[in-house]
Amino acid sequence: MRDAEPKAIHLSDYRPPAWLVDKVDLDFSLHPSQTRVTSKLSLRRNPAGALGAPVVLDGDGLTLVRLAIDGKPMAGPSFEATPDRLTLAHPPADAFVLEIETLVDPTANTQLMGLYRTSSNYCTQCEPEGFRRITYYPDRPDVLSVFTTRVEADEAESPVLLGNGNLVESGKVDGTSRHYAVWHDPWPKPSYLFALVGGRLAKISDSFLTRSGREVELGIYVEHGKEARAGYAMDALKRSMRWDEEAFGREYDLDVFNIVAVSDFNMGAMENKGLNVFNDKYVLATPETATDADYSGIEGVIAHEYFHNWTGNRITCRDWFQLCLKEGLTVFRDQEFSSDERSRPVKRIADVRALKAAQFTEDQGPLAHPVRPETYREINNFYTATVYEKGAEVVRMLKTLLGEAGFRAGMDLYFERHDGEAATIEDFVASFADATGRDLSQFALWYAQSGTPVLTVSGAWDAEAGTYRLDVAQEVPPTPGQPTKKPMLIPLALGLVGPDGRDQPLALGNVPVENGVVEVSEARQSFLFTGLDARPVPSLNRGFSAPVNLVSDLTEADRVFLAAHDADPFNRFDAIQRIALEMLKTGARTGSLPATEALVTAARAILADTTLDAAFKAQALALPGEGEVARELAKDVDPDAVFAARKTLRLAMGTALEGAFATTYSAMAATGPFSPDASSAGRRALRNLSLDFLAVTGSAEGIARAKAQFEAADNMTDRITALAVLTQHEVPEREAALQAFYDRFERDALVIDKWFTLQAQIAAPGTLDRIKDLMLHPAFSLGNPNRVRSLVGAFAATNPTQFNRADGAGHEFVTDVVLTLDGKNPQVAARLLASFKTFRQLEPVRRASAERALRKVAETPGLSPDVADIATRALG
């Protein structure tokens, strides 16, 4: 077991590894409780490392069986071995082969890191530091080696044996019931990308012809009987491979590409070289069991892990401080892929909504950190929205600043320079600076400074001169460890919309503004636009060109105008959302909503506009969530008041637009069989949004309509939405529908996760007791991360009124679950505890309750490093 109070690790303390590993030969003899692992490490002293340094290898709870150097057994005095470290104080030479034999227990590994069992199958998860739970090794990203892996197992127990790279040999073990397979990966990689899978699995096969004419064998492995549910994942994989060739010039580099879906997995998926391991949530789908969101998620995650082959595998990160170099960059790539495959404006809106919900909230609280942190205690806790989503936004800003050609030139140079290396953020930024001749030193602050910049913008119209002056001020608020900040380089995309709804020419001193982007680089700056015929309404931060909090002097009338006329789809969406958000903030503060005419007018215009696709309308008309309102309020937040304001506004919208929603509901009805394509999904989204508004009053007619849709639905999207509508109302139909849903899908764990989540989200005083009862349900297990996330995680993250109950019961319940989980799966426990990250924004009674719950956790003896780190940082 690792030290429960690890020392802080600082970026400034980085030193190159003292020893390198040129080649690794691994031999696994799989057994449920006594798997024997033999590793042969071809060690070589690093000329760039510390002179005369000992060999120090990482471990985590290991049992050492045997040690040898160049085939000769080693005696005890010549080395020091503990479960967590192996040290050779006096290495025999500057290069030698170290042979290590360890025993590991996959069945007992409830942390799901290293080698573990899931549904009787063997599986590994090594990122970030799981390989050290398998064998002693320099378990750091900048030690790259060529791996050859032999896997042996009982053939009846594990007929399928998979590893990284290409299959080079397989056969029977003479005189036994066992068989083996040997996999070789020719591309050097760090240990975190190692993978192994063994078990009884079914396979669907396909192939892909690369642009250079190589045929790649594709395989997706799932539990027997689920083969038909992996077809969409295979289709997404092939589309991803083709897109990466066309968009980035990146071709796949092995003979095979395998994906394995498992039911017990701490994360979404893992990009191990040539052998991606996935949470089955992101592989399995049929219209009967998966929603449109599930299909979209599968497409995005399949693409993300495949794109890692170049941004993460062929070029990896030098150390874990550079995590955004692979994750943020690859999120950007998967977002671009999905934008090209679906509707770019709708995808952008969805991504920004997710960014604001997770990352902006993170930036406002005690867990805020830079995209590239300067220090950490537990790296597991830095797989955050800041690293992933904000990291992607930084890459997107780089593209906005440099343009398509400049960005592609920088990416090509990055791939050329650093292929086969472990790189840094400095390497990445330098590639773009050198490719374009652009000084990006100020831009690099986006990686170093935490917090969401506030951009305050006001305008002044001079009718006589035909000019419009835009005054811009930027401020990056204080965050933990960074009380003062420097001005950032912010690409601000904008337009000036004339009275006729068309964009006016955009020029500074009669010089056209290239691509409609001005660069904000100072604390205060003014831009004077010339040659205008009439007072414009500024459309600011178009396409969400920078991840900032925008404060402007736009009036409600200006926003109604932009909602109807803005040429930028994102800002058209944002205008109506901002109208609703301002109303909700007022309602939460005062207990009374302002007049709703402006919002209803804007919504009616959106609904009536035949040029807009259905998916866009659904996004624009969905009211801001409770979390977004709370984030805007920032302090002394009463979740009950926020919930009440939103409920009142939903009721007002549903009543005022009842006829329009009824017409839309009928018009968006399906005209053919289910298809997961973007257009069909958009029609379902708008129809289901209309259903929600039509049922908001709880009238008999509204409940009957939702019940009828639930019973007649031929796909999961329509069925689960109707059930969600029913769960919002305390009517007999709710419990009957919940039971019918369970009876229909009780054998499908992924669907039952949805059933758990719906009940966790019921905003009613009895929900906490309901959740406690559900934890005793036969379908629930604390040992499965998906079950925990679907019930307890959904409660803490998406039911603010009940999680933040004034009596503290919600806080106490979640922390009790965290403490129960901590000894079994610290990663899941820590992520659940991170639900408290916004507790300082709450009003005093709830804030005190949350702090007591956190202190209870922090003061508990024997905490894992994961949970101790979150508790300590959350309390500040």
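This is a predicted model: local features need pLDDT of at least 70, side-chain atom pairs count only at pLDDT 80 or more; totals for chains, interfaces and linings use all residues.

Analyst: Is Gln335 buried or exposed? Its relative accessible area is 6%, and since anything under 20% counts as buried, Gln335 is buried. This residue sits in helix H3, which covers residues 323–341.

Setting aside the neighbours within four places in sequence, Gln335 is in contact with Lys347, Asp351, Ala392 and Arg396. With Arg396 there is also a polar contact, side chain to side chain, at 2.6 Å. Another residue to look at is Arg348: 13 residues separate Gln335 and Arg348 in sequence, and their C-alpha atoms are 8.2 Å apart in space.

That's the spot you asked about, so let's walk on to another helix residue. Thr815 belongs to helix H23, residues 809–822. Thr815 has a relative accessible area of 0%, so it is buried. What does Thr815 touch, not counting residues up to four places away in sequence? The list is Leu833, Phe836, Ala853 and Val857.

H23 leads us to helix H26, because the buried residues of H26 pack against H23, as well as against helix H24 (826–833) and helix H25 (844–858). H26 runs over residues 865–875 and is mostly covered, with 10 of its 11 residues buried. Among those buried residues are Pro865, Asp866, Val867, Asp869, Arg873 and Leu875.

Most residues other than glycine have a negative phi, and most peptide bonds are trans. Here are some exceptions. Asn510 is not a glycine, yet its phi is positive, near 70°. You'll find Asn510 in the loop between strand S28 (507–508) and strand S29 (511–512). With 64% relative accessibility, Asn510 counts as exposed. Asp636 isn't a glycine either, and has a positive phi of about 50°. At 47% relative accessibility, Asp636 counts as partly exposed. As for peptide bonds, the one from Glu127 to Pro128 is cis, with omega near 0°. Pro128 lies in the loop between strand S11 (121–125) and strand S12 (145–154).

Asn541 is found between strand S32 (537–540) and strand S33 (549–552). Its relative accessible area is 3%, so Asn541 is buried. A polar atom of the Asn541 side chain lies 3.1 Å from the backbone oxygen of Ala546. Residues up to four places away in sequence aside, Asn541 touches Pro491, Leu492, Ala493, Ala546, Val548, Leu550, Phe570 and Asn571.

Now for some strands. In a regular strand the side chains alternate between the two faces of the sheet. Strand S13 (residues 160–163) lets you see this: Val160 and Leu162 point one way, Leu161 and Gly163 point the other way, and all are buried. S13 pairs with strand S16 (residues 196–199) in the antiparallel sense, over four bridges. Take Gly163, for instance: its bridge partner in S16 is Leu196.

Strand S9 (residues 95–104) is mostly covered too, with seven of its 10 residues buried. Which way do S9 and strand S3 (residues 35–45) run, parallel or antiparallel? They run antiparallel, joined by 10 bridges. In that pairing, Ser39 stands opposite Ile100 in S9. Strand S5 (residues 63–69) also pairs with S9 in the antiparallel sense, over six bridges, and there Arg66 stands opposite Glu101 in S9.

Rolling a probe the size of a water molecule over the atoms shows where empty space is left. The second largest pocket has a volume of about 1300 Å³. It is lined by 40 residues, and those closest to its centre are Ile9, Asp58, Arg85, Glu129 and Arg132. Strand S1 (9–10) and strand S4 (55–58) are the elements that give two or more residues to this lining, and S4 gives the most, with four residues. By class, the lining of the second largest pocket has 21 nonpolar, 17 charged and two polar residues.

Key. Residues are numbered from 1 along each chain as its sequence is written. Side-chain values use heavy atoms; hydrogens and water are left out. Buried means under 20% relative accessible area, exposed over 50%, partly exposed in between (1.4 Å probe, protein chains only). Contact means heavy atoms within 4.5 Å. A polar contact is a pair of N or O atoms within 3.5 Å; within protein, one must be able to donate a hydrogen and the other to accept it, and residues adjacent in sequence count only if both atoms are side-chain atoms. Two strands pair if DSSP finds at least two bridges between them. On a 1 Å grid over the protein atoms alone, a cavity is a set of points where a 1.4 Å probe fits but cannot get out, and a pocket is an open set with protein on both sides within 12 Å along at least five of seven lines; lining residues have an atom within 4 Å of a point. Grid points are joined across faces, edges and corners, and a volume is the space filled by probe spheres set on the points. Ala, Val, Leu, Ile, Met, Phe, Trp, Tyr, Cys and Pro count as nonpolar, Asp, Glu, Lys and Arg as charged, and the others, Gly among them, as polar.
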